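This report walks through one protein chain, from its overall make-up to single residues. Please keep the model open while reading.

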Amino acid sequence: MNYHSIRGFRYPESEARPYPVAAIIQERTRQFPASSNCLHPDVWVLDYVFQDSGRFSVGGLPWQLRPGNSAHLYPPGTLYMESGDPGRIKSGFFLFKGESTALRRLVNNPAGFAQIMDNDRQLLNLLRAGTAAAARGNRGYWQLYAIFGEVMELLEQQIVHGSASWQYVLSTEAVEKQSLASKVAGFLEENCRDHLTLDEIAAKFQCSKSTLVHQFRKEFGESVFEMLMRIRVEQSIPLLIAGNTLKEIAEAAGFASEFYYSRVFSKVMGVSPGNYRSKHRT
(Lines give C-alpha, C1' and ligand atoms only; values in the text may rest on other atoms or scores of the structure.)
Protein backbone atom coordinates (compact mmCIF):
# COMPACT_ATOMS: atom_id res chain seq x y z
CA MET A 1 0.00 0.00 0.00
CA ASN A 2 1.36 3.38 -0.94
CA TYR A 3 0.95 6.42 1.29
CA HIS A 4 1.16 9.98 0.06
CA SER A 5 2.95 12.39 2.35
CA ILE A 6 1.53 15.87 2.79
CA ARG A 7 2.99 18.95 4.34
CA GLY A 8 1.19 20.39 7.31
CA PHE A 9 1.65 22.71 10.24
CA ARG A 10 3.26 21.27 13.35
CA TYR A 11 2.88 23.23 16.55
CA PRO A 12 6.26 23.81 18.29
CA GLU A 13 6.76 21.16 20.95
CA SER A 14 8.23 23.81 23.23
CA GLU A 15 4.87 25.58 23.45
CA ALA A 16 1.77 24.28 25.19
CA ARG A 17 -1.04 25.15 22.81
CA PRO A 18 -3.46 27.70 24.36
CA TYR A 19 -6.72 26.21 25.59
CA PRO A 20 -9.73 27.79 27.36
CA VAL A 21 -10.54 27.20 31.02
CA ALA A 22 -13.47 29.64 31.43
CA ALA A 23 -15.78 31.95 29.50
CA ILE A 24 -18.06 34.21 31.52
CA ILE A 25 -20.29 37.26 31.07
CA GLN A 26 -21.21 38.98 34.31
CA GLU A 27 -23.06 42.03 35.52
CA ARG A 28 -22.48 43.61 38.89
CA THR A 29 -23.22 46.76 40.83
CA ARG A 30 -20.50 49.01 42.19
CA GLN A 31 -22.03 50.46 45.35
CA PHE A 32 -19.36 53.15 45.76
CA PRO A 33 -16.17 54.33 44.06
CA ALA A 34 -13.96 51.27 44.20
CA SER A 35 -10.66 49.85 43.09
CA SER A 36 -9.67 46.26 42.51
CA ASN A 37 -6.36 44.51 42.03
CA CYS A 38 -6.31 41.38 39.92
CA LEU A 39 -3.51 38.86 39.64
CA HIS A 40 -3.79 35.48 37.94
CA PRO A 41 -0.49 33.61 38.38
CA ASP A 42 -1.00 30.82 35.86
CA VAL A 43 -3.64 31.93 33.34
CA TRP A 44 -4.03 34.49 30.59
CA VAL A 45 -6.99 36.86 30.89
CA LEU A 46 -8.89 38.35 27.97
CA ASP A 47 -11.05 40.86 29.85
CA TYR A 48 -13.92 42.54 27.94
CA VAL A 49 -16.06 45.54 28.96
CA PHE A 50 -19.37 46.40 27.31
CA GLN A 51 -19.44 50.11 28.16
CA ASP A 52 -17.11 52.85 29.36
CA SER A 53 -16.15 51.63 32.82
CA GLY A 54 -13.89 53.98 34.70
CA ARG A 55 -10.12 53.80 34.69
CA PHE A 56 -7.36 51.21 34.75
CA SER A 57 -3.63 51.01 35.39
CA VAL A 58 -1.18 48.24 34.62
CA GLY A 59 2.58 47.85 34.44
CA GLY A 60 3.33 51.29 35.82
CA LEU A 61 1.08 52.90 33.17
CA PRO A 62 -0.61 56.10 34.45
CA TRP A 63 -4.35 55.76 35.03
CA GLN A 64 -6.19 55.51 31.70
CA LEU A 65 -9.86 55.66 30.75
CA ARG A 66 -11.32 52.23 29.88
CA PRO A 67 -13.52 52.56 26.76
CA GLY A 68 -16.47 50.30 26.07
CA ASN A 69 -16.25 47.44 23.56
CA SER A 70 -12.59 46.92 24.38
CA ALA A 71 -10.70 43.83 25.47
CA HIS A 72 -7.56 43.71 27.60
CA LEU A 73 -5.13 40.86 27.14
CA TYR A 74 -3.17 40.18 30.33
CA PRO A 75 -0.44 37.49 30.41
CA PRO A 76 -0.12 35.25 33.49
CA GLY A 77 1.04 37.02 36.62
CA THR A 78 0.00 40.51 35.51
CA LEU A 79 -1.12 42.89 38.23
CA TYR A 80 -3.73 45.31 36.95
CA MET A 81 -5.91 47.82 38.77
CA GLU A 82 -9.36 49.14 37.94
CA SER A 83 -11.33 51.96 39.48
CA GLY A 84 -14.72 53.49 38.78
CA ASP A 85 -17.82 55.25 40.03
CA PRO A 86 -20.97 53.56 41.39
CA GLY A 87 -23.22 51.91 38.83
CA ARG A 88 -23.92 48.79 36.83
CA ILE A 89 -20.89 47.19 35.21
CA LYS A 90 -21.23 44.56 32.50
CA SER A 91 -18.15 42.66 31.45
CA GLY A 92 -16.92 39.25 30.41
CA PHE A 93 -13.73 37.32 29.99
CA PHE A 94 -11.95 34.29 28.64
CA LEU A 95 -9.42 32.63 30.91
CA PHE A 96 -6.94 30.37 29.15
CA LYS A 97 -3.66 28.56 29.68
CA GLY A 98 -0.77 27.77 27.39
CA GLU A 99 1.65 29.82 25.34
CA SER A 100 1.70 31.55 21.99
CA THR A 101 4.58 33.46 20.45
CA ALA A 102 2.10 35.66 18.60
CA LEU A 103 0.28 36.61 21.81
CA ARG A 104 3.55 37.31 23.57
CA ARG A 105 4.39 39.77 20.81
CA LEU A 106 1.17 41.66 21.53
CA VAL A 107 2.07 42.19 25.17
CA ASN A 108 5.78 42.82 24.53
CA ASN A 109 5.63 46.53 25.35
CA PRO A 110 6.51 48.67 28.40
CA ALA A 111 2.99 48.29 29.86
CA GLY A 112 3.05 44.49 29.51
CA PHE A 113 -0.49 44.02 28.18
CA ALA A 114 -2.59 44.74 25.08
CA GLN A 115 -5.82 46.70 24.63
CA ILE A 116 -7.87 45.61 21.60
CA MET A 117 -10.67 47.88 20.38
CA ASP A 118 -13.61 45.78 19.20
CA ASN A 119 -15.52 48.42 17.25
CA ASP A 120 -17.49 45.87 15.21
CA ARG A 121 -18.13 43.63 18.23
CA GLN A 122 -16.42 40.61 16.76
CA LEU A 123 -14.87 39.57 20.07
CA LEU A 124 -18.14 40.30 21.85
CA ASN A 125 -20.01 37.89 19.58
CA LEU A 126 -17.40 35.18 20.19
CA LEU A 127 -17.55 35.85 23.93
CA ARG A 128 -21.34 35.43 23.85
CA ALA A 129 -20.99 32.17 21.94
CA GLY A 130 -18.22 30.94 24.23
CA THR A 131 -20.22 31.75 27.35
CA ALA A 132 -23.26 29.91 25.99
CA ALA A 133 -21.08 26.85 25.25
CA ALA A 134 -19.37 26.99 28.65
CA ALA A 135 -22.75 27.11 30.38
CA ARG A 136 -23.42 23.58 29.09
CA GLY A 137 -20.43 22.23 31.02
CA ASN A 138 -18.66 19.19 29.62
CA ARG A 139 -21.20 18.90 26.81
CA GLY A 140 -20.21 22.30 25.46
CA TYR A 141 -16.45 22.14 25.95
CA TRP A 142 -15.42 21.25 22.41
CA GLN A 143 -17.69 23.94 21.04
CA LEU A 144 -16.05 26.36 23.46
CA TYR A 145 -12.65 25.14 22.27
CA ALA A 146 -13.60 25.83 18.64
CA ILE A 147 -14.92 29.30 19.49
CA PHE A 148 -11.78 30.04 21.45
CA GLY A 149 -9.79 29.07 18.36
CA GLU A 150 -11.57 31.83 16.44
CA VAL A 151 -10.66 34.28 19.21
CA MET A 152 -7.01 33.28 18.94
CA GLU A 153 -7.09 33.70 15.16
CA LEU A 154 -8.40 37.24 15.56
CA LEU A 155 -5.76 38.12 18.13
CA GLU A 156 -2.88 36.55 16.24
CA GLN A 157 -3.69 37.62 12.69
CA GLN A 158 -6.36 40.27 12.39
CA ILE A 159 -5.32 43.27 14.46
CA VAL A 160 -3.42 46.45 13.64
CA HIS A 161 -1.57 48.92 15.84
CA GLY A 162 -3.38 51.81 17.47
CA SER A 163 -2.02 55.09 18.79
CA ALA A 164 0.07 53.58 21.63
CA SER A 165 2.41 50.59 21.86
CA TRP A 166 -0.19 48.66 23.86
CA GLN A 167 -3.23 49.59 21.73
CA TYR A 168 -4.62 47.55 18.83
CA VAL A 169 -7.73 47.60 16.64
CA LEU A 170 -9.40 44.64 14.98
CA SER A 171 -8.95 45.11 11.23
CA THR A 172 -11.68 45.43 8.62
CA GLU A 173 -10.38 42.25 7.01
CA ALA A 174 -11.55 40.35 10.08
CA VAL A 175 -15.04 41.81 9.70
CA GLU A 176 -15.24 40.39 6.19
CA LYS A 177 -14.31 36.96 7.52
CA GLN A 178 -17.03 36.93 10.18
CA SER A 179 -19.42 34.01 10.01
CA LEU A 180 -23.04 34.51 9.06
CA ALA A 181 -24.13 33.83 12.65
CA SER A 182 -21.67 36.37 14.07
CA LYS A 183 -22.83 39.03 11.63
CA VAL A 184 -26.44 38.36 12.58
CA ALA A 185 -25.58 38.53 16.30
CA GLY A 186 -24.01 41.95 15.77
CA PHE A 187 -27.11 43.06 13.86
CA LEU A 188 -29.33 41.94 16.74
CA GLU A 189 -27.22 43.90 19.20
CA GLU A 190 -27.55 47.07 17.12
CA ASN A 191 -31.26 46.70 16.32
CA CYS A 192 -32.65 44.79 19.31
CA ARG A 193 -35.46 47.30 19.94
CA ASP A 194 -36.87 46.92 16.43
CA HIS A 195 -39.53 44.44 15.40
CA LEU A 196 -37.47 41.76 13.63
CA THR A 197 -38.57 38.59 11.88
CA LEU A 198 -36.52 35.65 10.63
CA ASP A 199 -37.65 36.33 7.07
CA GLU A 200 -36.41 39.94 7.25
CA ILE A 201 -33.08 38.95 8.80
CA ALA A 202 -32.52 36.17 6.25
CA ALA A 203 -33.31 38.58 3.42
CA LYS A 204 -30.90 41.17 4.79
CA PHE A 205 -28.05 38.67 4.91
CA GLN A 206 -29.07 37.02 1.63
CA CYS A 207 -29.52 33.52 2.95
CA SER A 208 -32.39 31.10 3.41
CA LYS A 209 -34.26 31.05 6.69
CA SER A 210 -33.30 27.41 7.28
CA THR A 211 -29.59 28.22 6.78
CA LEU A 212 -29.86 31.12 9.20
CA VAL A 213 -31.60 29.02 11.85
CA HIS A 214 -29.17 26.09 11.52
CA GLN A 215 -25.93 28.10 11.51
CA PHE A 216 -27.02 30.38 14.34
CA ARG A 217 -28.01 27.49 16.58
CA LYS A 218 -24.79 25.62 15.74
CA GLU A 219 -22.54 28.59 16.60
CA PHE A 220 -24.34 30.12 19.59
CA GLY A 221 -26.29 27.20 21.04
CA GLU A 222 -29.51 29.22 21.05
CA SER A 223 -32.02 30.49 18.51
CA VAL A 224 -32.03 33.93 16.93
CA PHE A 225 -35.17 34.77 18.90
CA GLU A 226 -33.66 33.57 22.19
CA MET A 227 -30.59 35.76 21.74
CA LEU A 228 -32.75 38.74 20.74
CA MET A 229 -34.83 38.40 23.91
CA ARG A 230 -31.72 38.00 26.06
CA ILE A 231 -30.12 41.11 24.57
CA ARG A 232 -33.31 43.11 25.18
CA VAL A 233 -33.43 41.96 28.79
CA GLU A 234 -29.75 42.74 29.35
CA GLN A 235 -30.17 46.24 27.92
CA SER A 236 -33.27 46.86 30.03
CA ILE A 237 -31.50 46.28 33.35
CA PRO A 238 -30.13 49.84 33.80
CA LEU A 239 -33.70 51.18 33.40
CA LEU A 240 -34.97 48.61 35.88
CA ILE A 241 -32.33 49.53 38.45
CA ALA A 242 -33.04 53.24 37.89
CA GLY A 243 -36.67 52.76 38.99
CA ASN A 244 -38.56 53.09 35.70
CA THR A 245 -41.98 51.45 35.50
CA LEU A 246 -42.26 48.09 33.77
CA LYS A 247 -44.41 49.71 31.08
CA GLU A 248 -41.72 52.32 30.36
CA ILE A 249 -39.02 49.67 30.31
CA ALA A 250 -41.02 47.38 28.02
CA GLU A 251 -41.57 50.18 25.50
CA ALA A 252 -37.90 51.25 25.59
CA ALA A 253 -36.59 47.68 25.25
CA GLY A 254 -38.87 46.66 22.38
CA PHE A 255 -41.41 44.45 24.20
CA ALA A 256 -45.09 44.50 23.30
CA SER A 257 -46.26 44.89 26.89
CA GLU A 258 -45.00 44.99 30.45
CA PHE A 259 -46.55 41.56 31.05
CA TYR A 260 -44.59 40.01 28.19
CA TYR A 261 -41.44 41.79 29.35
CA SER A 262 -41.89 40.44 32.86
CA ARG A 263 -42.38 36.89 31.58
CA VAL A 264 -39.32 36.99 29.32
CA PHE A 265 -37.19 38.66 32.00
CA SER A 266 -38.07 35.93 34.50
CA LYS A 267 -37.17 33.22 31.99
CA VAL A 268 -33.83 34.80 31.06
CA MET A 269 -32.72 35.93 34.51
CA GLY A 270 -34.37 33.26 36.64
CA VAL A 271 -36.06 35.88 38.82
CA SER A 272 -38.87 38.42 38.35
CA PRO A 273 -38.06 42.05 37.46
CA GLY A 274 -39.36 43.18 40.86
CA ASN A 275 -37.19 40.77 42.81
CA TYR A 276 -34.18 41.61 40.69
CA ARG A 277 -34.68 45.32 41.28
CA SER A 278 -35.04 44.82 45.04
CA LYS A 279 -31.83 42.83 45.17
CA HIS A 280 -29.67 45.09 43.00
CA ARG A 281 -30.99 48.58 43.50
CA THR A 282 -28.52 50.89 45.22
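A contact here means heavy atoms within 4.5 Å. Among contacts in the protein chain between residues at least 6 apart in sequence, 71% join residues at least 24 apart.

The model is predicted: local features need pLDDT of at least 70, side-chain atom pairs count only at pLDDT 80 or more, and totals for chains, interfaces and linings use all residues. Residues are numbered from 1 along each chain as its sequence is written, and side-chain values use heavy atoms, with hydrogens and water left out.

**Overall make-up and confidence**

The protein chain has 11 helices and 11 strands. These are DSSP runs numbered from the N terminus, helices being H or I with at least four residues and strands being E with at least two. Of its 282 residues, 46% count as buried. Buried means under 20% relative accessible area, exposed over 50%, and partly exposed in between, with a 1.4 Å probe and protein chains only.

The pLDDT, the predictor's confidence in each residue from 0 to 100, averages 81 over the protein chain, and 85% of the residues score at least 70. Confidence is highest in strand E6 (residues 70-74), at a mean of 93, and lowest in helix H4 (residues 172-176), at 56. Over residues 1-11 the pLDDT is below 50, and this stretch has five contacts in the model beyond near neighbours in sequence.

**Nonpolar cores**

A nonpolar core is a set of buried Ala, Val, Leu, Ile, Met, Phe, Trp, Tyr and Cys residues joined through side-chain atoms within 4.5 Å. The largest one holds 61 residues, of which Leu73, Ile116, Leu188 and Phe216 touch the most other members. Helix H8 (residues 224-242) supplies the largest share of this core, nine residues.

Not counting residues up to four places away in sequence, Leu188 touches Leu196, Ile201, Phe216, Val224, Met227, Leu228 and Ile231.

**Helices H8 and H10**

The axes of H8 and H10 come within 10 Å and cross at roughly 100 degrees. Such axes are lines fitted to C-alpha atoms, for helices over the stretch in contact, and angles run from 0 to 180 degrees between N-to-C directions. Angles under 35 degrees count as roughly parallel, over 145 as roughly antiparallel, 65 to 115 as roughly perpendicular and the rest as oblique. H8 and H10 are therefore roughly perpendicular to each other.

On the H8 side, the contact is made by Phe225, Met229, Arg230, Val233, Ser236, Ile237 and Leu240; on the H10 side, by Tyr260, Tyr261, Val264, Phe265, Val268 and Met269. By class, this contact has 11 nonpolar, one polar and one charged residues. Nonpolar covers Ala, Val, Leu, Ile, Met, Phe, Trp, Tyr, Cys and Pro; charged covers Asp, Glu, Lys and Arg; the others, Gly among them, are polar.

Phe265 lies in helix H10 (residues 258-269) and counts as buried, at 0% relative accessibility. Leaving aside neighbours within four places in sequence, Phe265 is in contact with Val233, Ser236, Ile237, Leu240, Gly270, Val271, Ser272, Pro273 and Tyr276.

**Phe94 in strand E8**

Phe94 is found in strand E8 (residues 87-97). Is Phe94 buried or exposed? At 2% relative accessibility, Phe94 counts as buried. Residues touched by Phe94, not counting those up to four places away in sequence, are Ala22, Ala23, Trp44, Val45, Leu46, Leu126, Leu127, Gly130, Leu144, Phe148 and Val151.

**Loop residues**

Arg121 is found in the loop between strand E9 (114-117) and helix H2 (122-134). Arg121 has a positive phi of about 60 degrees although it is not a glycine, and counts as buried at 19% relative accessibility. Gln206, in the loop between helix H6 (198-204) and helix H7 (209-220), is likewise not a glycine and has a positive phi of about 55 degrees. Gln206 is exposed, with a relative accessible area of 75%.

Arg136 sits in the loop between H2 and helix H3 (141-157) and is partly exposed, with a relative accessible area of 25%. Beyond residues up to four places away in sequence, Arg136 touches Gln143, Phe220 and Gly221.

**C-alpha distances**

| Pair | Separation in sequence | C-alpha to C-alpha distance |
|---|---|---|
| Phe265 and Arg230 | 35 residues | 8.1 Å |
| Arg136 and Gly221 | 85 residues | 9.3 Å |
| Phe94 and Pro20 | 74 residues | 7.0 Å |
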